[in-house]
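Reader: Could you walk me through this model before I start looking at it in detail?

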Amino acid sequence: MTVGIINFLTIAMILFLIGITGIVLNRKNILIMLMSVELMLLAVNFNFILYSVYLDDAIGQLFAVLILTVAAAESNRLSHFSSLLPSK
């Protein structure tokens, strides 16, 4: 049994839809929204790497590393700002 590109695209689509659902259903908790955005970025990275391997081109992997770097910086910045907020 071989695993085709459609199976991987389905997994990426499910990850992206879970991320959208997390943002839509939970707008009050900033940490869950941040995890949902990270999940959506993971799905996009998964697509970039999938097509990079499928088309035998390294540009998709380069974009994936760039997105991971930006996501890490965003996560660090938001966690820093959320720690400065007063607790209730």
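Reader: What is the mean pLDDT of the chain?
Author: The mean pLDDT is 87, and 86% of the residues in the chain reach 70 or more; pLDDT is the predictor's confidence in each residue, from 0 to 100. This is a predicted model, in which local features need pLDDT of at least 70 and side-chain atom pairs count only at pLDDT 80 or more, while totals for chains, interfaces and linings use all residues. Residues are numbered from 1 along each chain as its sequence is written, and side-chain values use heavy atoms, with hydrogens and water left out.

Reader: Where is confidence lowest, and where highest?
Author: Confidence in the chain is lowest in helix 3, with a mean of 81, and highest in helix 1 (residues 5-25), with 94. Helices here are DSSP runs of H or I with at least four residues, strands are runs of E with at least two, and both are numbered from the N terminus.

Reader: How many helices and strands are there?
Author: The chain has 3 helices and 0 strands.

Reader: Let's take helix 2; which of its residues are buried?
Author: The buried residues of helix 2 are L34, S36, M40, A43, N45, L50 and S52, where buried means under 20% relative accessible area, exposed means over 50%, and partly exposed is in between, using a 1.4 Å probe and protein chains only.

Reader: And S36, what does that one touch?
Author: Leaving aside residues up to four places away in sequence, S36 touches G19, G22 and I23, with contact meaning heavy atoms within 4.5 Å. The relative accessible area of S36 is 6%.

Reader: Switching topic, how many aromatic pairs does the structure hold?
Author: The structure holds 2 aromatic pairs, counted when the ring centres of Phe, Tyr or Trp (its six-membered ring) lie within 6.5 Å; planes under 30 degrees apart are stacked, over 60 edge-to-face, and the rest tilted. F48 and F63 form a stacked pair, 5.6 Å centre to centre with 25° between the planes. F48 lies in helix 2 and F63 in helix 3 (residues 59-84), so this pair ties together parts that are 15 residues apart in sequence.

Reader: How accessible are F48 and F63?
Author: F48 is partly exposed at a relative accessible area of 31%, and F63 also counts as partly exposed, at 40%.
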